[in-house]
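Student: I'd like to learn how to read the inside of a protein model. Could you walk me through one?

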Amino acid sequence: MTSKIKVNILADGGDNSIITSDGAGSFTASSSLASSVQSVGGLQNTPAFDVRLGSDQTMSDNTITKANFDTEDLDTASAYDTSTYRFTVPSNQAGTYFIYAFTNGGGSGGNTSLSHDVFLYKNGSQITGARGHTRHDTNRTFVDVNTITLSVNLAVGDYLEVYARADISSGSATLHSLGSRFGGYKLIGA
């Protein structure tokens, strides 16, 4: 059995329109409703941040190294620190966050890359990771971008960091700025 309530206008006790419908599936919120939603923070996935490497980062071969995401493209709550390379959950913002990390690692200058890993750390401990296997040689260059996406419950003061590792056969292990990003946002209603 399906129950339905059909209305074109949702009004308050004073007969003031709150939401109206055109009957074709579109609705309009009254200016007072929109104002009320905005006054309590609106319907926004914030805090949100998105950071990247300002330049390539050299790493020691086959060594887990913190990714120095030092360039902010978005930081709605000033919760990302470009000196410690970490996102810290601000006061009153505990909840479930969607987090992503992309790292492009391997050898530099056409050197052979055997594998490249990316790791997400919460409060200093690894919570997930991803591994890629690629080959680079002097005749071809293959991009090795590893991706982490997940939802994670975070409390006020929890912090997240990204680490990477590149195993190469020769040359310098490098975390490339092109294709390396870290970010996330708080989910509404989760």
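Predicted model: local features only at pLDDT ≥ 70, side-chain atom pairs only at ≥ 80, totals over all residues.

Student: What is a nonpolar core, and how many residues does the largest one have here?

Tutor: In soluble globular proteins, nonpolar side chains tend to be buried together. A nonpolar core is a set of buried Ala, Val, Leu, Ile, Met, Phe, Trp, Tyr and Cys residues joined through side-chain atoms within 4.5 Å. Buried means under 20% relative accessible area, exposed over 50%, and partly exposed in between (1.4 Å probe, protein chains only). Here the largest core has 27 residues, and Phe69, Phe87, Ile99, Val162 and Phe182 have the most contacts inside it. Strands giving two or more residues to this core include S4 (48-52), S10 (95-107) and S15 (173-186). The largest share, five residues, comes from S14. Strands are DSSP runs of E, at least two residues, numbered from the N terminus.

Student: How do I read ring pairs?

Tutor: Rings of Phe, Tyr and Trp (its six-membered ring) pair if their centres lie within 6.5 Å; planes under 30 degrees apart are stacked, over 60 edge-to-face, and the rest tilted. The whole structure has nine aromatic pairs. Phe49 and Phe182 make an edge-to-face one, 5.0 Å centre to centre with 85° between the planes. Phe49 lies in strand S4 and Phe182 in strand S15, so their pair ties together parts 133 residues apart in sequence.

Student: Are those two buried or exposed?

Tutor: Phe49 is buried at 2% relative accessible area, and Phe182 is buried at 0%. Ring pairs also link Phe49, Phe69, Tyr80, Phe87, Tyr97 and Phe182 into a cluster.

Student: What about the arginines?

Tutor: A charge sits over a ring if NZ of Lys or CZ of Arg is within 6 Å of the ring centre and within 35 degrees of the ring normal. The charged end of Arg86 sits over the ring of Tyr159, 3.7 Å from its centre. Arg165, in strand S14, counts as buried at 19% relative accessibility.

Conventions: Residues numbered from 1 in each chain as written. Heavy atoms only, no water. Helix = DSSP H or I, 4+ residues; strand = E, 2+ residues; numbered from the N terminus.
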